[in-house]
Amino acid sequence: MVVTSVADRARQEFVKGLLRLRNNAHATNVALHRASKRLVEEGTPAVRVLSTTGLSKLLREEGKEVPDWDLVRTFVLACKRHASDTAVPLEPAEANLRVWDRRLSALQEVLRLLDEVGGGDGQEVAATVPRASLTLPAAPSVFTGRDGELRRLLDVLAPPRGDGPSGAVVSAAAAVAGMGGIGKTALALAASHHAVDHGWFTDTYSVNLRGYDPVPVTAHQALESLLRAMDTAPEDIPPTQPEREGTYRSALAALARTGRRVLILADNASDSDQILPLLPGPGPHRLLATSRHTHPRLASQGALLVDLSTLQPGPDGDPAVDLLRDVLRRAGRELDDQEAAERLVALCGRVPLVLHIAAGLLILEPGRTLAGLTADLAGADSRLNHLDDGERALRAAFDLSYRHLQPDTARLFRLLALNPGPDLGLPAVAALTDEDGLRIRAGLRELVRGHLLESADERWSMHDLVRDYAMHHARSSDPAEVNSPDGPALLRLLNYYADGAQAANAYLAAPLERIADAGDTDRFDDRGQALAWLRAEHANLLAVPQAAMDMGELEIAIGVLDDLCDYLTRGRYFDDLITVSTTAYVVAHLTGGHPRDIAIALRLRGQALTNVRRFEEAERLLRVAADVFRLCSDDVAAANALNDIGTAQRGLRRFEQAVETHAEAAELSRNVGHQPGYVAALQNQGNSLQELRRYSEAIPLHTKVADISLRLKDDRLRANACLSLCNALCFEGRYEEAEAAITTAIDLYESLGDEYTKVCAEANRAGVLLGMGRRAEGTEAHRAAADMFRELGDEHDEAGTRYRLALALAEDERLVEAIAAFRMAADIFHQLGDRYEEARSRLSLGTTLMHTADWPQGFQELNEAVQAYAETGAAVELGTTFELLASLHEALNQRELARESWLAAVQVYEAAGDEESAVRAHRAADAVQKHGHT
């Protein structure tokens with residue numbers, strides 16, 4: 001994982017510093033052993049004799065242990081003593097104990113934080129959220145020899161037949177497994193394209209799980225990618241994996257209700273944990289996965305498992321020879337030597353990828369005969385006998401293809417492997433190679449024709465096995481350009497990404513009225529183009545800081561990290577933002593950065609943690625950031641961090657504290673004349689007051705924010721303030737003022753093109769209309785808002801709006817409609833995994849059913865509400881529901897059940913420390929018992 005690599009990097013930087021000190025002192029491990037021995041003999045305090053074995057362990061860069069201070073202190077003093085004894089000059093700072101104490105403390109602090117990064121909700125941080133494609137990759141141009149396996153996959157993908165056996169179980173998923181290069185993806189794509197061409201699916205999504213990369217894609221990330229591809233609003237993508245699974249299946253269920261059938265292709269998984277959360281659930285949708293491993297856990301979930309072996313001859317011919325023939329024929333060359341072809345496929349291990357590469361050699365070199373290639377491959381094969389059949393065949397084919405390449409193309413092949421991310425666009429390849437576009441395209445075409453490179457949508461990538469091979473040669477060739485720590489090829493590429501990120505960020509950060517002056521106008525024409533580039537290079541950009549750190553180019557790392565933050569925040573890529581902020585924190589330590597830089601990284605991480613609901617961790621980090629900002633006399637940044645702390649406290653439902661913290665942030669911002677921070681803190685303070693039902697105090701704050709934002713010409717801030725103001729005014733019964741506020745908010749959101757928040761405002765307007773007594777208008781406005789939320793794919797807000805619609809219908813005695821709306825809301829919340837809101841909906845549903853005398857169904861819904869409230873730990877609501885059940889049982893003269901419900905309420909209140917409510921419920925239970933005896 002990225003966290004692990006960053007931790008290793010931090011340790012390596014510390015060890016490199018020790019090695020530099022030893023080298024500058026012209027010392028060996030033996031010399032340091034002798035110097036430390038002299039220090040001990042002379043009575044130097046807190047030193048020890050350094051053994052050569054211990055020194056070797058200390059100076060091993062791949063080591064995982066962190067040395068203690070006494071060991072580091074002894075090492076530094078020994079280097080200093082040896083340099084003094086041998087008259088070697090050392091810079092004073094090199095052997096300064098205070099400097100080394102700070103470095104060790106910084107390393108320990110970095111590792112402590114990184115240890116926390118994988119904690120919290122138990123989710124590890126990975127490099128980047130992948131991009132899910134709305135279209136399938138191209139179908140294989142040549143596909144043969146897998147007819148049986150293809151039929152099995154198509155049986156899973158085909159829509160159910162009307163003449164099928166009643167109750168037949170249809171698999172919702174299939175997984176294709178086999179060694180690298182065996183043709184898993186080709187089979188999956190052949191089946192997928194067949195299914196789409198026959199109209200079996202209306203929508204397709206594909207995602208590469210990169211299971212065998214150093215940093216695989218997690219299911220948590222893949223779900224985000226798929227939800228974004230399904231047009232789920234970023235703000236509606238939940239932070240935790242269980243919630244994302246619920247939202248994902250709800251989105252698929254919504255598509256099914258409109259008659260759409262979805263095929264999801266999950267390529268290159270290494271673990272069943274990457275695949276299981278992507279299963280679509282019951283319905284018409286299907287999942288097709290590929291992996292180098294067979295995953296029995298998928299079979300336990302009803303998935304079909306298809307294991308691929310090499311292409312073996314059968315009674316109908318030899319599919320390996322057929323594949324070779326078909327590839328050659330598409331390029332205009334015939335297979336004219338059957339015997340040589342049979343020998344060639346045997347030498348290729350009957351592995352499809354190797355056969356494609358062998359055919360590529362024959363295509364690129366028309367004068368080469370099958371027999372000649374077979375002889376060459378046999379010679380290469382004899383040198384690779386230590387590998388197994390598949391690996392040996394792959395390596396032999398790679399060797400022949402590589403030796404065939406022209407020098408410029410071979411250089412291009414090697415350099416492409418240096419890209420830290422998954423693929424490259426043409427401008428990136430130009431930066432990497434320092435060549436013009438025409439020459440590059442010729443080389444790229446040759447590599448694609450030779451099956452050493454894959455191409456799609458003007459971007460190029462390598463099969464992971466090919467990339468490993470190319471990287472091997474990159475490390476052993478052209479040392480001046482590729483292999484040296486400051487090799488210019490990779491440095492050029494990293495600078496390309498860094499410059500692009502800086503220019504794109506300038507467009508994103510610039511106000512609309514000054515956009516013409518923002519960024520590098522030679523790089524991007526407008527904000528949309530800048531954003532499109534960031535999205536296309538997303539994975540590469542997130543990999544740049546680590547690659548830059550490995551090269552010692554910390555300035556590049558810092559620049560890219562800083563430029564990505566705004567884009568990641570706006571796009572709500574919070575998992576990626578956590579990774580970026582953590583890396584920024586590490587870089588700040590490694591560079592001995594200013595404390596303010598460290599505080600900025602901590603604040604970024606705190607903001608990201610808040611957005612994924614890890615509020616306690618966020619509050620702790622934000623407090624440290626605020627303290628550091630104050631020590632640096634940066635009151636603006638300190639006020640912003642305080643405002644963030646208040647937001648985390650609201651998430652923890654510590655509303656009183658949040659009010660105080662936001663007030664402190666507002667006061668500090670006002671004192672330093674920072675208007676944006678001042679109004680943001682006032683707005684958040686007002687929202688916190690509303691959570692405490694202190695509406696009369698919230699109203700003047702929201703009014704002030706609306707007035708200031710009008711002067712600042714900040715329409716979004718003014719719209720948000722009017723939305724919050726409307727809510728507070730409604731609770732105070734000031735409906736006409738509320739209507740004016742919400743109308744302003746709706747108009748502003750419409751002018752901003754913010755459809756989602758405009759619908760939220762429309763839902764609030766429905767509540768205003770109801771409060772004004774315009775019942776029919778309010779009810780229909782709720783219904784319209786719920787439908788609009790459904791169209792936007794926001795099921796959570798749809799459910800909340802249907803719940804409020806049901807309340808209005810129940811108040812108007814339209815009980816049948818109310819019951820239907822309550823049930824729909826409860827069912828949606830259940831699908832989304834929001835048990836608290838489900839419980840509230842079922843409680844209202846059960847109560848309404850009781851009013852229609854549907855006692856059995858009413859009690860069932862109330863008991864389900866009890867179960868849901870118990871799971872969420874909502875003690876007050878659970879106790880209240882038990883009291884309602886007790887009262888209903890009493891009304892029906894079910895006294896024993898009533899007493900049991902009262903006593904259950906007593907237990908809940910006692911566990912929550914609510915003695916007053918517990919005593920009241922106990923008296924009610926006693927009264928029921930006493931009445932029963934009389």
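## A walk through a helical chain

Let us begin with helix α27 (residues 595-611): this helix has 17 residues and reaches 25 Å from its first C-alpha to its last, close to the 24 Å expected at 1.5 Å a residue. The expected span is 1.5 Å times one less than the number of residues in the helix. Helices (H or I, at least four residues) and strands (E, at least two) are DSSP runs, numbered from the N terminus. The model you are looking at is predicted, and local features need pLDDT of at least 70, side-chain atom pairs count only at pLDDT 80 or more, and totals for chains, interfaces and linings use all residues. Residues are numbered from 1 along each chain as its sequence is written, and side-chain values use heavy atoms, with hydrogens and water left out.

Which residues of α27 are buried? They are I598, A599, A601, L602, L604, R605, G606, A608, L609 and T610. Here buried means under 20% relative accessible area, exposed over 50%, and partly exposed in between (1.4 Å probe, protein chains only). Just past the end of α27 comes R613, with a positive phi of about 70°.

Now step back to the whole chain. The chain holds 43 helices and eight strands. Of its 934 residues, 52% are buried. Contact means heavy atoms within 4.5 Å. Among contacts in the chain with a separation of 6 or more, 66% join residues 24 or more positions apart.

Next, visit helix α4 (residues 69-85). With 17 residues, α4 reaches 24 Å from its first C-alpha to its last, close to the 24 Å expected at 1.5 Å a residue. Because 12 of the 17 residues of α4 are buried, this helix is largely enclosed by the rest of the structure. Among those buried residues are F75, V76 and C79, so keep these three in mind. The N-terminal end of α4 is capped by D68, which has a side-chain oxygen 3.1 Å from the backbone nitrogen of D70. For comparison, a polar contact is a pair of N or O atoms within 3.5 Å; within protein, one must be able to donate a hydrogen and the other to accept it, and residues adjacent in sequence count only if both atoms are side-chain atoms. After α4 comes A87, whose phi is positive, near 60°.

Is L21 buried or exposed? Its relative accessibility is 2%, so L21 counts as buried. Leaving aside neighbours within four places in sequence, L21 is in contact with F75, V76, C79, L90, E94 and W100. L21 and C79 are 58 residues apart along the chain, yet their C-alpha atoms are separated by 7.1 Å.

C730 and V768 are 38 residues apart in sequence but 6.5 Å apart in space, C-alpha to C-alpha.

Q683 belongs to helix α31 (residues 675-691), and its 7% relative accessibility is why Q683 counts as buried. Beyond residues up to four places away in sequence, Q683 touches H702, V705, N720, A721 and S724. N505 lies in helix α22 (residues 488-509); at 14% relative accessibility, N505 counts as buried. Its contacts, leaving aside neighbours within four places in sequence, are with D563 and D566.

Finally, look at a pair of helices packed together. Helix α40 (residues 855-872) and helix α41 (residues 875-891) pack at an angle of about 160°, with their axes 9 Å apart. That makes α40 roughly antiparallel to α41. Axes are lines fitted to C-alpha atoms, for helices over the stretch in contact, and angles run from 0 to 180 degrees between N-to-C directions. Angles under 35 degrees count as roughly parallel, over 145 as roughly antiparallel, 65 to 115 as roughly perpendicular and the rest as oblique. Residues of α40 including F859, L862 and V866 meet residues of α41, among them L878, F882 and L885.
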